[in-house]
Amino acid sequence: PGRFERAQAGLDYTAYAPSGTAGLKRTGFQRFACGQGDESINADFGSEATRASRWIGLNESSKPCLDGPDEVGPAATFMVRGAKATVMGACPGGTSTCAASSPALVRRSAYTTVTLPSGGDGLSSTFVEVYSQNLSLAEVKAFVRGLRPVS
């Protein structure tokens, strides 16, 4: 079994694995404790080393674990597996907060969240956070929509 399948063991929420990664290779994978005994999954694809690098950071947990980034505002919503996903894109001018972003600013950086349904077998739903850099809104949507339960 792959890393996501192995990570599912011992979790009470559904682990989701990406079926596509916008052509980026996995560069990191770990389980880490978040709060009181809640284990989270973190996987990285590509690199965020430079402003020109393409990168996806995937976090999964039973409930929100980390604070989202500053300097983002609402850019889009879309449906995936019956749940509403929210895409927050970079703020115009790099301001710390903004009322709205745009698909062009999503390409610079984005933060997408959605709570995906249980994959069955007594598992709970999964809170998913996707951080991205230099990916179009269409690529972000495809990545999130391509997440599949491993169980």
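A: The account below begins with the disulfide and then turns to the surrounding chain.

The model discussed here is predicted. The structure holds one disulfide, and it joins C91 to C98, with an S to S distance of 2.2 Å. The torsion about the S-S bond of C91 and C98 is about -85°, so this disulfide is left-handed. The two cysteines fall into separate classes of accessibility. C91 has a relative accessible area of 1% and is therefore buried, since buried means under 20%. C98, with a relative accessible area of 21%, is partly exposed.

Strand β6 comprises residues 83-90, and the loop between β5 (72-80) and β6 contains R81. The phi of R81 is near 50°, which is a positive value in a residue other than glycine. R81 is partly exposed, because its relative accessible area is 38%. A second residue with a positive phi is N134, where the angle is about 60° although the residue is not a glycine. N134 lies in the loop between β8 (126-133) and α3 (137-145). With a relative accessible area of 18%, N134 is buried.

These details belong to a chain whose secondary structure comes to three helices and nine strands. Along the sequence, the elements follow the pattern α-β-β-β-β-β-β-α-β-β-α-β. The radius of gyration is 15 Å, close to the 15 Å that the globule rule gives for 151 residues, so the protein chain is as compact as a globular protein of that length. Along its principal axes, the C-alpha trace spans about 45 × 30 × 30 Å.

Among contacts with a separation of 6 or more, 59% are between residues 24 or more positions apart. The protein chain exposes about 7300 Å², of which carbon and sulfur atoms supply 51%.

As for the confidence of the prediction, the protein chain averages a pLDDT of 93, and 97% of the residues score at least 70. Among the elements, strand β2 (residues 26-34) has the lowest mean pLDDT, 92, whereas α3 has the highest, 98.

Definitions and conventions
Residues numbered from 1 in each chain as written. Predicted model: local features only at pLDDT ≥ 70, side-chain atom pairs only at ≥ 80, totals over all residues. Heavy atoms only, no water. Helix = DSSP H or I, 4+ residues; strand = E, 2+ residues; numbered from the N terminus. Buried < 20%, exposed > 50% of the residue type's maximum accessible area, 1.4 Å probe, protein only. pLDDT = per-residue confidence, 0-100. Disulfide = S-S within 2.5 Å. Rg over C-alpha atoms; globule rule 2.2 N^0.38 Å. Contact = heavy atoms within 4.5 Å. Areas by Shrake-Rupley, 256 points an atom, 1.4 Å probe, with all protein chains shown as cover.
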